[in-house]
Amino acid sequence: MAVPDFLQKVSDTEWVIPKTAMPGMNVPAKIIGTENVVAQMDMQVYDQIKNVATLPGIINYAYCMPDGHSGYGFPIGGVAAMDTETGVISPGGIGFDINCLHPETKILTHYGYYRKIKDFSHDFSKEKISSIRIENKQKKHSKAIIFLRKETDTPILKAKTKLGQEIIISSDHPLLTENGFKEANNLKSGDKIITHPFVGVEYEKVSDGVILDEKDILDLIGEGRNDVIKSLKEKGLLPLRYNSEKLPILAKLVGFVTGDGWIGHYYSKKRKQDVWAMRVIGSVEDLEEVKHDVVELGYISNYIKTKKYESELNNVDGTTRKIKGESTQFYVNSQSLSVLLHALGVPKGNKSRTRTSVPNWIKNAPLWLKRLYLAGLFGAELTKPAQRKGETYGFIEPGFSQNKINSMENENLNFMLDIINLLLDFGVKTNKIYKQKGVINSYEEETHKLSIRISAKPENLIKLWSTIGFEYCSTRTRHSMLSLAYLKYKQIYLNKIKDFVRVARLQAKEGVSSSHIYKHADTEGISKGMVKSQLYTNSKDVRISGNFPTFNEFVQQHKIDNSALIIDEIEEISNIDYNGHVYDFTMDDKDHNFIANGIVSHNCGMRLLTTNLTYKDVKPKLKELVDLLFQRVPAGVGSKGFVKLNKNGFREAIMGGAEWAIKQGYGWEEDLERIEENGNMKGADASKVSAKAIDRGMDQIGTLGSGNHYLEIQVVKPENIIDKEIAKRLGIFENQVVVMFHCGSRGFGHQVATDYLNVFLEVMEPKYGIKILDRELACAPFASNEGQDYFAAMKCGLNMSFANRQVILYRIREAFSKVLGRTAEDMEMHCVYDVAHNTAKLEEHDVNGRRQEVLVHRKGATRAFGPGREEVPKIYRDIGQPVIIGGSMETGSYLLVGTEKGMKETFGSTAHGSGRTMSRTRARQLFRGDRLQRDMEKRGIYVRTTSFSGLAEEAGGAYKDIDEVIGAVNKAGISKSVCKLLPVGNVKPQGEYRGTTILSSY
């Protein structure tokens, strides 16, 4: 690789992109690094750093450190100082990254329609997207708060499942498996994932045409009912239009109440008017959903009641039947809702004596609204998927029936024809209408039953259950999803046989032996008998063979109890060529997932401590020590710490940081003076943090996290001490054992940044007139209320990371004491320093010859203040702030100090690591975690990991040479090396598995 031509070389370690390189740049961009280091940066770094240079109020330069690589908004390794009055604060300057989906991916929504993810660009905030409650695999619905788009910069994969689902995703996008979320690139053929076979219908924009107005209601109930009109208007239900926000709920209810409900009224002499009411019949589970929707419409819910019943029915043929059981009903006493549903088409009174028809407004509605009506009606009246006795591979015709008095046979027939025509709109075919004798009703009238039988051909049932389905009937929904998945699996299998037979016939003509064909069939799971019967005939009739599972066997393998989700299996996953945009959501939901193409899809600082131990002291106990650290310091996505806090306790922690942790007994008083900001960012305000962020963070204090986070036991070899005098001041000596760890604020920092990114997107342009080139740089004026709120909340994130690392330090001291049989004090386990990586801080710097307070964003960069600065602890003030730069787990890390030149050149900033040169995907392709673990142990580095794929991601070959990066910062003069630290023991978590990842370790 070579340095791009557009970079202007200023010195051996400075490269500039001038302001003229792109319209809108307020300052030039500067990249720090030697020619070899800069040549290894990905091209997106330069686009991102130029975008940073366009932010309002930016001072001097937009900087990128030697370890720079592309991120979200800012490049990782980016530094930018902002004027406090004219400048902005941006979460993108503190850390974001995203994993994405192909633009044609179908996203399922609350109302059973799908939209391609690319079509959410214009308006996504109002729609509820289907998602999954992780703990019980129940379907739910959440709003997306951030819509994300970027040019693809990672490999793109296509995943196919055995049950016919297919999705195209970036290799690092997580999918839900039986064992939690896993990145797509970690999946292989045979892995079990969670899917939802329902597809729905594509969204179609609705008109603003009026369905009902005030006159329509008054024509129905008479003049003088202003109470009903007023109630409907207050709830936004009158006038009712096709684009009314609540119409989808009404469409469902009209269908369901038509089938399994009652609407009526009685005349009240006291009120001198008709009093309307309604009730709905169903299971408690389903009626709770109806109740929820009634509340969504703006009504106060009434009550659900179950009662026993017993009655006798007189059949037309003179026989009688006794029926008894329980009936659960939801009672709704709201007059205006009852009137509205009747006006929309729900029959009034005894339905066997009342005309029922598909409302005209439904006939004229877009397909997705028709679906809601039909699915509601079918939830009440369509039979569930069923098999005849002895039928193991297919299903009988689903039936829909209606009972009416004989004098209304024509009206009943017309209703059936309306339903048939609606089904045809979805491509669903019916056989014929059947008539049966009914019963004698309570009015002594004879009734009949008309039934529609829906074609049981597999392709027809697939259309029925995948595009229409059921609303308000959880048992039928769950059963239909299993039946749908089975039929799709069966179709795939039959097509496989057809394709095999077609090829086999050609092979036979070319002289390939039958035995060879039969042997090949056996490897494909196709029976010899099936192939033999087809090979020498012209028959096109391919049937299921004996080795194919029955439906009941299939259910046992694929069902998830009480869930409409299915256990599916990866059939094939492979790379494809794609170079366009990819998309993602950040969901306003703690489970952070959504259903995409029927598949459930799904976001750091350093501390160094010394000991008085030598490698000779520790080596005999090294494995035991690493194993205990692996147990005591939880690692990986979803890990929880041993510090148990309620919400108020956690709020105290994020206000107090490491200072809070030490007051709780997790450390020594001396630790505080050895932590950036003394372990507590003043001005943190927990009231500016959302309840969701509190929920995400309160169990995570004392955990290592995932991705490139680690805990490492290291050794200082004599030849690696570069500045012996400063090393001695920092407590470093030859052959010493030290401990370094890298982690941050976990999911808490992620949520804080997500919350405020959404706030900034809403106010940035309309309120403050800020236009940016890239929405990933969403920002607000630092001096604004929104900017100050985020600054206070971000400080809580910093404090959480300080508290988290303090508790981890406490656990490390515990582990060393237990394994080595000495107290931490006796082993002189002192904290050298704790420095944060992803921050925005108010600092005073010399700007154009005068002292000025500025807001410095450091994303994947480290503060490196030189000698004399008050912010540097007194014990180090004359030598400069300690700087900890982690390398890869194979190559070692460095301890440095800040310099005076760094204060002048980069606002006291330097690199934070070696910097990736290879995507995580590519690293997993090139390296095997299990082999890497064995190779490292042969080299004297003992590793415990929660994930071999995560280990492969962090292979030394995936990073720049740490020695070159350190050489660059030394040569540039922005920090000064003290010593190199070589790993001998490592606790390594799994990789990052989130849809939208925020680098949350402040």
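I started at aspartate 425, which is partly exposed with a relative accessible area of 38% (buried is under 20%, exposed over 50%, partly exposed in between, using a 1.4 Å probe and protein chains only). Before going on, I noted that this is a predicted model, where local features need pLDDT of at least 70, side-chain atom pairs count only at pLDDT 80 or more, and totals for chains, interfaces and linings use all residues. Numbering runs from 1 along each chain as its sequence is written, and side-chain values use heavy atoms, with hydrogens and water left out.

Next I looked up the partner. Aspartate 425 makes a salt bridge with lysine 370, 2.9 Å from N to O (a side-chain nitrogen of Lys or Arg within 4 Å of a carboxyl oxygen of Asp or Glu). Lysine 370 sits in helix α9 (residues 367–381) and aspartate 425 in helix α10 (residues 409–425), so the bridge ties together parts 55 residues apart in sequence. Helices here are DSSP runs of H or I, at least four residues, and strands are runs of E, at least two, numbered from the N terminus. Lysine 370 is buried, at 10%.

Then I checked glutamate 285 and arginine 478, whose side chains form a salt bridge at 3.3 Å, N to O. They are 193 residues apart, in helices α6 and α12 respectively. Glutamate 285 is partly exposed at 41%, while arginine 478 is buried at 16%.

Arginine 858 is in strand β37 and glutamate 843 in strand β36; both residues are buried.
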